[in-house]
Amino acid sequence: MRKHPIPAIVLGLSLAILVGPSAAGAQVDEGRADMVVSVDWLAEHLDDENLVLLHLGNRERYEGAHIPGARYVLYSAISQSSDEGLRLEMPPVDQLRSAFEELGVSDDSRIVLYFADGWVTLTTRVYLTLEYLGLGARTSVLDGGIDAWRAAGHPVSRDVPTAASRGSITPRPRPALIAQADWLADRLDDDGVAVIDARTSHYYRGTRGGHGMPRAGHIPGAANIPYVTIVDEETDRFKDLETLRGMFIAAGANRGDQVVTYCHIGQQATLVWFAARLLGYDARVYDGSFQEWSNRPQLAVARPAVEDFSRLISTNELAALLAGDEAVSIVDLRSDFVGYLEGHIPGAIYLHYENLRATNRGVPADILSAESYAALFSRNGLSLERPVVIYSNAAGANFDATFLAWILNGFGHTEVYLLDGGYEKWLAEDRPTARAYPAIEETSFAADGFRPDRATRRLVEYSLDEDRMVIVDVRPEAQYAGRAGHQMRRGHIPGAVNHVWSSDLMASGSTRIWKPLDELRASYEAQGITPDKHVILYCNTGTEASHVYFALRNLLGYANVDVYFPSWTDWSAIESLPIEVAASQRSDRDR
């Protein structure tokens, strides 16, 4: 294993898209060129007699629209859990042979897999399964899935094909594609073995855990290539070979190395494995993945120092901090600019929350790039080595302050403080204020390493049917129920629980402060928002959701919390996405 892999991926690499073999300019130096095919190639070969086209995605959506002639793959028929409790393992060869023969697959079939609903990792898992069965050389993945097919103007169909004539497969199993725990443990110090953790960086760093994995962190010596970085975030097309190769080299995987990928249970890892195979690496998937590794106490787990959480700071504590010698940055995030001019906490710079978001590809109110934030923070003297205290209008818009705290958390800032009670409490206690602008010395705030706890739309779609995940709508009940709102459509994401952000605060004189932790914890758990769940938060744009993120992640210590940006503004504008219009059965207003 590479002794000093580079754990972070360089974000500035090109996001050019890998095209299928039918397009000019696509060359694979070492891997199979036809592992990925373009929509134009598929359109040209759609009527080939030996073509078997397989659809991966939601069954109902398949019945509503699929590529003509495609057959639906029932994933449970080609996967299984183990007796030891591992959630995803390779089934016996005879089971796989029978399942694919029933889909019409034979030894001479030309198999094309495509995904809908963003199920890229499921598709590469099926590709691995066919490779394991000995049919990898006759199998390809459609670049961009059904969305790319539709975008190119090709037709879709609702006609479900008649039952296929049963195929005939001569299995040629390739068990070496699947790495076992003991095999991997014996090779952790081998220079020619590069172990790649395909999970998102939070799990790799050990700041998140759970999901049946008792220890957080990663396999010692493993580098991190998050599976989500293999394809373009918007199109789900594979990134170009040069970009992919740069990722693997940065992770310590040199030409000629054997690559072993793993994730939580063995599905996300197949996307990184697929990219490795595309580049010509000898690659395996550790099927038991971190679920197995973390449950075997004799196997070591590496866990970098866990970052401190952002936290609350009282007016007394802030006054003491200002009276001391330690340098501190103070940020006034009240939306009332005139209010800042009339008076602010001494030394505070002013930022408006609109400085922290912008339109992205036509969708308003999305977060900025890491480079944009770094430039803004540098100009205003913020530094990762200096404490930051944030305050806003706690009585009405406390989420302005938590929005910045969430962003700084994404950069790994370990000393971010939120003033409990905001400026109103400071003023009510007759503490000193100023009108003078602070003298700011510009810093060099680094743009690298920005990994906010953000949920993509794809993740939200996936979460709709996942019991281990809970979606939380933090907007007022009238917007949740569909009686109010300014976005394209009214209502809420199906299955979402309504927990209004402001319900985490209580009155204190002329302002509002956070409720005691035991009350906060009880209110969330009463709605089924429990620490064992992966929590996805949304509001109209994401700013109000950052307030509940602060409560769950920073105050209560929940391990797995993400904010969906730009939230309902994004979801409501896409007519194909489902919504519900009804009162919550578990609304915090009902208690």
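1. Residues 324–435 are 31% helix and 21% strand, with the end C-alpha atoms 21 Å apart. Helices (H or I, at least four residues) and strands (E, at least two) are DSSP runs, numbered from the N terminus. Residues 465–580 are 28% helix and 21% strand, and their end C-alpha atoms lie 15 Å apart.

2. On the model itself: it is predicted, with local features needing pLDDT of at least 70 and side-chain atom pairs pLDDT 80 or more, while totals for chains, interfaces and linings use all residues. Numbering runs from 1 along each chain as its sequence is written, and side-chain values use heavy atoms, without hydrogens or water.

3. The unreviewed entry places "domain: Rhodanese" at residues 47–158, 189–302, 324–435 and 465–580. Positions follow the numbering used here, feature names are shortened, and annotations may be inferred rather than shown by experiment.

4. Overall, the protein chain has 20 helices and 24 strands. The C-alpha trace spans about 85 × 55 × 50 Å along its principal axes. Buried residues (under 20% relative accessible area, 1.4 Å probe, protein chains only) make up 57% of the 591 residues.

5. The lining of the second largest pocket divides into eight nonpolar, five polar and 13 charged residues. Nonpolar covers Ala, Val, Leu, Ile, Met, Phe, Trp, Tyr, Cys and Pro; charged covers Asp, Glu, Lys and Arg; the others, Gly among them, are polar.

Note on methods:
Buried means under 20% relative accessible area, exposed over 50%, partly exposed in between (1.4 Å probe, protein chains only).
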